[in-house]
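The following note sets out numbered points on the model shown below. Please read each point alongside the coordinates.

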Amino acid sequence: MTEHQDREDAGEAGPETERGKALFEELLWVHSIIRRDLAAVEQLAADVGDGLSGEAVEDALGELKVRGPLWQLKVNCLRYCRHVHAHHGAEDVLLFPTLRATDPSIGPVVDRLEADHARVSDLLDVIEAAARALTDTDGDDARRRVIDGLRDLHVHLLEHLDYEEHNAGPTMRRLDRLWA
């Protein structure tokens, strides 16, 4: 158990707020959409391994980019990868400084979340480049890069979402505003 969790368990943290609980519920909703799309990513990796063409991979990635309902409704973004980039960008700018201000002991948790965001961003860039390469050169190496990128994203992003919900959730549920 982390020092941050020990403090919360000992009752040193402030009470949950209605706004904080609502913000956390919205975070869980966004994460559920990301998880849903990660299931499609995992299937896409399997399809690539089974010989799916480069054009079909690009089409499937394009479908993921344009169907994210949260982002279409909230900020009119038509790209799934942009959705994840933008969600993490908003957390970096709005949520994480507020978490640090609300509870300075959460610093190591936020540090890890920020590092995770950078890693996910890199993985999204790798996947997009690998999909373009598969369209240009439909070979085993290009297929392997797409499969590996999709699987790495799947594993890393799910781990990140779980860690964030578990470790930042208690502080987030106590927020009374979203800015520091």
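1. The axes of α2 and α7 come within 9 Å and cross at roughly 165 degrees; axes are lines fitted to C-alpha atoms, for helices over the stretch in contact, with angles from 0 to 180 degrees between N-to-C directions. The two helices are therefore roughly antiparallel to each other, the term for angles over 145 degrees. Their contact comprises 19 nonpolar, 5 polar and 7 charged residues. Here Ala, Val, Leu, Ile, Met, Phe, Trp, Tyr, Cys and Pro count as nonpolar, Asp, Glu, Lys and Arg as charged, and the others, Gly among them, as polar.

2. This is a predicted model, in which local features need pLDDT of at least 70 and side-chain atom pairs count only at pLDDT 80 or more, while totals for chains, interfaces and linings use all residues. Residues are numbered from 1 along each chain as its sequence is written, and side-chain values use heavy atoms, with hydrogens and water left out.

3. The protein has 7 helices and 0 strands, taken as DSSP runs (helices H or I, at least four residues; strands E, at least two) numbered from the N terminus. Of the 180 residues, 44% are buried, that is, under 20% relative accessible area with a 1.4 Å probe and protein chains only.

4. α6 and α7 pack at about 160 degrees, with axes 9 Å apart, which makes α6 roughly antiparallel to α7. This crossing of α6 past α7 is left-handed, and the residues of the contact divide into 17 nonpolar, 5 polar and 8 charged.

5. Which residues have the most contacts inside the largest nonpolar core? They are Leu 150 and Leu 153, in a core of 24 residues; such a core is a set of buried Ala, Val, Leu, Ile, Met, Phe, Trp, Tyr and Cys residues joined through side-chain atoms within 4.5 Å. Two or more residues each come from α2 (18-49), α3 (54-66), α6 (107-136) and α7 (140-172). A second, separate core of 14 residues includes Leu 23, Phe 24, Val 110 and Leu 175.

6. Beyond its neighbours within four places in sequence, Leu 150 is in contact with Val 41, Leu 44, Ala 45, Leu 61 and Ile 127, contact meaning heavy atoms within 4.5 Å.

7. His 88 lies in helix α5 (residues 80-102) and is buried, with a relative accessible area of 4%. Residues up to four places away in sequence aside, His 88 touches His 117, Val 120, Leu 157 and His 160.

Key
Buried < 20%, exposed > 50% of the residue type's maximum accessible area, 1.4 Å probe, protein only. Parallel < 35°, antiparallel > 145°, perpendicular 65-115°, else oblique. Left-handed = near helix turned anticlockwise from the far one by under 90°.
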